[in-house]
Amino acid sequence: LVADSCGELPRYISPDLRGSLVLSILQQLLNDVAPLVRRAATINLAKLLPLLPDEDKFPQVQSILLRLVLDASDDVVEAAFSDLVPSMMAWVGGNPVICTGLLSGVISSICELLRSAPE
């Protein structure tokens, strides 16, 4: 219920609160032990992104995204790919600098996973 509220309330509150309070609440929910809560928070983070006033939260959201695509729950991973990735790409609007940063972060994460994977 809290995660769903975070997806619906932002259009009615100031942009400053969207990028601080609402994003902070969703981040806390993304650390919940229950996969159902993490999935709901992922979906509602995707709803929040288009309402953030600017892209200064990109590094924070990128870090969240890279963590979610590796979540232990298949439902959370699916929500990250089906909801959060398209929302994030629309949010950055094809900004080449940000897209390059995202690609660099993804490649770094993949390399780290490969280094730590058992042989």
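**Exercise 1.** In this predicted model, determine how the axes of α4 and α5 are oriented to each other.

*Solution.* Begin with the geometry: the two axes approach within 10 Å and cross at roughly 155°. Next, apply the cut-off, by which angles over 145 degrees count as roughly antiparallel. Helices α4 and α5 are therefore roughly antiparallel to each other. Finally, the handedness of their crossing is left-handed.

**Exercise 2.** State which residues make the contact between α4 and α5, and classify them.

*Solution.* From α4, the contact draws on Phe58, Val61, Gln62, Leu65 and Leu68. From α5 come Val76, Val77, Ala80, Leu84, Val85, Met88, Trp91 and Val92. Sorted by class, the contact of α4 with α5 has 12 nonpolar residues, 1 polar residue and no charged residues.

**Exercise 3.** Carry out the analysis of orientation and contact for α2 and α4.

*Solution.* Helix α2 covers residues 15-30 and helix α4 covers residues 58-68. Their axes come within 12 Å and cross at roughly 20°. Angles under 35 degrees count as roughly parallel, and α2 and α4 are therefore roughly parallel to each other. The crossing is left-handed. Leu23, Gln27 and Leu30 of α2 meet Gln60, Ile64, Arg67 and Leu68 of α4. By class, this contact has 4 nonpolar, 2 polar and 1 charged residues.

**Exercise 4.** Describe the largest nonpolar core and the surroundings of Trp91.

*Solution.* The core has 24 residues, and those with the most contacts inside it are Leu26, Leu45, Leu49 and Trp91. Two or more residues come from each of α1, α2, α3, α4 and α5, with α5 giving the most, 6 residues. Leaving aside residues up to four places away in sequence, Trp91 touches Leu49, Pro50, Leu52, Asp54, Glu55, Lys57, Phe58 and Val61.

Technical notes. Residues numbered from 1 in each chain as written. Predicted model: local features only at pLDDT ≥ 70, side-chain atom pairs only at ≥ 80, totals over all residues. Heavy atoms only, no water. Axes fitted to C-alpha atoms, helices over the stretch in contact; angles between N-to-C directions. Helix = DSSP H or I, 4+ residues; strand = E, 2+ residues; numbered from the N terminus. Parallel < 35°, antiparallel > 145°, perpendicular 65-115°, else oblique. Left-handed = near helix turned anticlockwise from the far one by under 90°. Contact = heavy atoms within 4.5 Å. Nonpolar A, V, L, I, M, F, W, Y, C, P; charged D, E, K, R; others polar. Core = buried A, V, L, I, M, F, W, Y, C linked by side-chain atoms within 4.5 Å. Buried < 20%, exposed > 50% of the residue type's maximum accessible area, 1.4 Å probe, protein only.
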